[in-house]
Amino acid sequence: MIRFEKVVKKFGDNTVLDHLDFSVRRGDRVTLIGPSGSGKTTILRLLMTLEKVTDGVIWVGDEPLSHIRRRGKLIPAPEKYLRRRRRTIGMVFQHFNLFPNMKVIDNITEAPIRVLGHSKQDARTRAMELLEMVGLADKAEQHPSKLSGGQQQRVAIARALAMEPEILLLDEVTSALDPETVSDVLDVLREIARTTDITMLIVTHEMRFARDVSNRVLMFDGGRIVEEGTPEKIFGEPDEERTRKFLHAVL
Ligand code: ADP
């Protein structure tokens with residue numbers, strides 16, 4: 001579903017990803033862990049086409065996300081192509097990023113109507129189903145500012161799902177929340193993991209959540225994968241000293 005092939009990402013002289021190779025199968029739930037600054041968010045931002053690779057190729061399905069084909073060769077995709085490429089990818093951010101001037105329901109229906117060309121009626125019906133799923137059907141006509149952080153985040157999850165993504169990227173989705181609202185958000189995500197086959201890439205400091213929902217954990221440091229394995233292995237008996245130290249510091 002996703003393949004990073006010798007991906008390099010630099011910001012100036014700072015090499016954030018260093019010839020990174022990894023792949024994710026359809027339906028995988030992969031958690032990226034590692035110290036702050038190790039490049040986890042950059043991976044998600046590259047997949048969202050919010051950043052461009054410095055070198056290497058990112059594949060989504062059989063198609064290059066980061067490149068276009070010209071006369072049998074792959075060349076870096078120009079900016080205007082990139083955004084169109086990420087139709088199948090949804091992202092939920094740390095800071096919700098809801099449209100403050102739109103009601104909850106309109107936040108969810110806006111992209112399906114404008115980008116997917118759904119009718120207003122169909123988009124509303126689907127949005128109400130999604131709000132039901134995240135436990136917020138009664139907030140449809142409210143503005144986001146009237147909602148708690150955890151509720152806003154659940155709206156953001158519904159909004160991402162309304163685009164019917166094959167891949168869902170979750171970037172520290174609970175770290176800006178009050179502790180009492182974190183579990184509602186995690187419960188919704190657990191339910192999505194249980195009831196759908198959406199491929200998920202998760203960056204989180206919630207190690208229990210990572211253990212519950214993911215089938216693979218990748219440990220990053222210095223723009224490389226230090227170690228990977230099942231949650232049982234990585235959280236239970238990691239091979240690498242760096243993984244042990246990191247987990248000791250965060251758990
Ligand atoms: P993580 O998610 O693991 O904490 P990030 O991917 O956010 O790591 O960041 C990796 C490195 O890239 C950091 O050193 C960060 O300062 C740098 N970085 C990220 N985005 C930018 C940017 N837009 N401009 C310059 N440096 C950046």
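The structure is a predicted model, in which local features need pLDDT of at least 70 and side-chain atom pairs count only at pLDDT 80 or more, while totals for chains, interfaces and linings use all residues. Residues are numbered from 1 along each chain as its sequence is written.

The buried residues of H6 are Val185, Leu186, Val188, Leu189, Ile192 and Ala193. Viewed down the axis of H6, these buried residues fall within an arc of 155°, so they line one face of the helix (the arc being that of the directions from the helix axis to the C-beta atoms). H6 comprises the 17 residues 179-195, and its end C-alpha atoms are 25 Å apart, in agreement with the 24 Å that it should span at 1.5 Å a residue (the expected span is 1.5 Å times one less than the number of residues). Helices (H or I, at least four residues) and strands (E, at least two) are DSSP runs, numbered from the N terminus.

Helix H4 (residues 120-133) has 14 residues and reaches 20 Å from its first C-alpha to its last, close to the expected 20 Å. In H4, Ala123, Ala127, Leu130 and Leu131 are buried. They cover an arc of only 100° around the axis, which puts them on the same side of H4.

An open sheet of four strands has the order E2-E1-E4-E5, with antiparallel pairing (two strands pair if DSSP finds at least two bridges between them). Its edge strands are E2 and E5 (63-64), each of which pairs on one side only. Strand E1 (residues 2-11) pairs with E2 over seven bridges in the antiparallel sense, and arginine 3 has serine 23 in E2 as its bridge partner. E1 and E2 form a hairpin with two residues between them, and glycine 12 in the turn has a positive phi of about 60°. Strand E4 (residues 55-60) is joined to E5 by two bridges, also antiparallel, and valine 60 stands opposite glutamate 63 in E5.

Strands E6 (residues 67-70) and E7 (residues 73-76) run antiparallel and are joined by four bridges. Arginine 69 has leucine 74 in E7 as its bridge partner. This hairpin has two residues between the strands, and arginine 71 takes a positive phi near 50°.

Most residues other than glycine have a negative phi. Phenylalanine 96, although not a glycine, has a positive phi of about 45°; this residue lies in the loop between strand E8 (89-92) and helix H3 (104-114). Phenylalanine 96 is buried, with 23 other C-beta atoms within 10 Å. In the loop between E8 and H3 lies asparagine 97, which has a positive phi of about 55°. Asparagine 97 is partly exposed, with 14 other C-beta atoms within 10 Å.

The ligand is surrounded by Phe11, Asn14, Val16, Gly34, Ser36, Gly37, Ser38, Gly39, Lys40, Thr41 and Thr42 (C-beta atom, placed from the backbone, within 6 Å of the molecule). The elements that give two or more residues to this shell are strand E2 (14-24) and helix H1 (40-47), and the largest share, three residues, comes from H1. The shell divides into two nonpolar, eight polar and one charged residue (Ala, Val, Leu, Ile, Met, Phe, Trp, Tyr, Cys and Pro count as nonpolar, Asp, Glu, Lys and Arg as charged, and the others, Gly among them, as polar).

Definitions and conventions: A residue is buried if 20 or more other C-beta atoms lie within 10 Å of its own, exposed if 12 or fewer, and partly exposed in between; C-beta atoms are placed from the backbone.
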